[in-house]
Amino acid sequence: MSDESRPSPAQSPVAAVIPAAGRGVRLGPGAPKALRALNGTPMLIHAVRALAASRHVSLVIVVAPPDGAGEVKSLLDAHALPERTDFLVVPGGESRQESVRLGLDALPPEYGVVLVHDAARPLVPVDTVDAVIEAVRDGAPAVVPALPLADTVKEVEPATVPGDPEPVVATPDRARLRAVQTPQGFDRATLVRAHADVTDDVTDDASMVERLGLTVVAVPGHEEAFKVTRPLDLVLAEAVLARRRLNDGF
Ligand code: C5P
């Protein structure tokens, strides 16, 4: 499908790419992070359900560990997922960037809006997903959910030996800083161009779009969209799930 015949973001169906190929070493030894269980269900399944909960999302592409695509396919088959959503599993790469690019390569032509969501953010609420989609459909080439910071942030000259004192070089104005989450949302053509043109090492997809000189906008994120990185985050995630169950009347 040529760019001209592709639907504009305003009418386009939405696909989500979930990079889940990381090893998650900061969580300690064990299964790859995305396959760790939260209340008995793998984190990845929570993340897939969180994205598929949006009625706008009709395809979810999971990027699996390079040698784990079969296992991830079986996992998706073994868990209840919404019937109106299609699911694809593709093997990932060495870096998060490469994994996202491999996910984009598998995207059917009719999708003009793409979300990229970390498997490590299993509890993002559907309202946050929908707010990102709405901003892309309204014409933003790239959208990030973001929260103000509680901590003051310092820029330092990193020590060569971990644990050594580090000189502080600057204190950015906290009121202008945001902590950025996922899903990040994109006009598909913009994200594909960013992945083709930007080769620098980045930690999120929106910064690749910034490097193209395009405007990225932030919409309100949510505290439950936090990234499960360290062992304590697993405890917090299970507490959030327990609270949700109580609120749902179980
Ligand atoms: O390591 P980090 O927490 O930043 O990873 C963010 C997301 O990127 C995770 O969901 C992880 O599984 C994914 N990732 C990937 N391929 C890699 C490295 C990370 O899909 N090679």
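These are my notebook entries on what I looked up in this structure, which is a predicted model.

**Entry 1. The cores**

The largest nonpolar core has 33 residues. Inside this core, the residues with the most contacts are L44, L51, V62 and L115. I then noted which elements supply at least two residues each: the strands β1 (14-19), β4 (57-64) and β6 (113-116), and the helices α1 (43-52), α2 (69-78) and α4 (126-137).

**Entry 2. Helix α1**

Is α1 largely enclosed or largely open? I found nine of its 10 residues buried, so the helix is largely enclosed by the rest of the structure. The buried ones are M43, L44, I45, H46, A47, V48, A50, L51 and A52.

**Entry 3. S12**

I looked up S12 next, in the segment before β1. S12 has 0% relative accessibility; the cut-off for buried is under 20%, so S12 counts as buried. I then checked what its side chain meets. A polar atom of the S12 side chain lies 2.6 Å from the backbone nitrogen of G112. For the backbone nitrogen of V113, the distance to a polar atom of that side chain is 3.4 Å. With neighbours within four places in sequence left aside, I noted contacts of S12 with P7, E110, Y111, G112, V113 and R137.

**Entry 4. L104**

L104 is in helix α3 (residues 96-105). Its relative accessible area is 7%, which is under 20%, so I wrote it down as buried. Leaving aside neighbours within four places in sequence, L104 is in contact with V17, V114, L191, V192 and H195.

**Entry 5. N39**

I found N39 in the loop between β2 (37-38) and β3 (41-42). Its relative accessible area of 33% lies between the cut-offs of 20% and 50%, so N39 is partly exposed. Which residues does N39 touch, if those up to four places away in sequence are not counted? They are E238, L241, A242 and R245. N39 and E238 are 199 residues apart along the chain, yet their C-alpha atoms are separated by 6.2 Å.

I also read off the backbone angle. Phi of N39 is near 50 degrees, a positive value in a residue other than glycine. I made a note of this because most residues other than glycine have a negative phi.

P183 lies in the loop between β10 (178-180) and β11 (184-187). The peptide bond joining T182 and P183 is cis, with omega about 10 degrees. I marked this bond because most peptide bonds are trans.

R176 is in the loop between β9 (168-170) and β10. I checked its relative accessible area, which is 70%; the cut-off for exposed is over 50%, so R176 is exposed. The C-alpha atoms of R176 and P148 are separated by 8.2 Å, and the two residues are 28 residues apart along the chain.

**Entry 6. The ligand**

I ended with the ligand. There are 15 residues around it, of which P19, A21, G22, G93 and S99 come nearest. I sorted the shell by residue type and got five nonpolar, four polar and six charged.

- For G22, a backbone N or O atom lies 2.9 Å from an oxygen atom of the ligand.
- For S95, a backbone N or O atom lies 3.4 Å from a nitrogen atom of the ligand.
- For K227, an N or O atom in the side chain is 3.2 Å from an oxygen atom of the ligand.

On its own, the ligand has 470 Å² of accessible area, and the protein covers 82% of this.

How values were computed:
Residues are numbered from 1 along each chain as its sequence is written. This is a predicted model: local features need pLDDT of at least 70, side-chain atom pairs count only at pLDDT 80 or more; totals for chains, interfaces and linings use all residues. Side-chain values use heavy atoms; hydrogens and water are left out. A nonpolar core is a set of buried Ala, Val, Leu, Ile, Met, Phe, Trp, Tyr and Cys residues joined through side-chain atoms within 4.5 Å. Buried means under 20% relative accessible area, exposed over 50%, partly exposed in between (1.4 Å probe, protein chains only). Helices (H or I, at least four residues) and strands (E, at least two) are DSSP runs, numbered from the N terminus. Contact means heavy atoms within 4.5 Å. A residue is near a molecule or strand if one of its heavy atoms lies within 4 Å of it. A polar contact is a pair of N or O atoms within 3.5 Å; within protein, one must be able to donate a hydrogen and the other to accept it, and residues adjacent in sequence count only if both atoms are side-chain atoms. Accessible areas come from the Shrake-Rupley method with a 1.4 Å probe; for residues, only the protein chains shown count as cover. Ala, Val, Leu, Ile, Met, Phe, Trp, Tyr, Cys and Pro count as nonpolar, Asp, Glu, Lys and Arg as charged, and the others, Gly among them, as polar.
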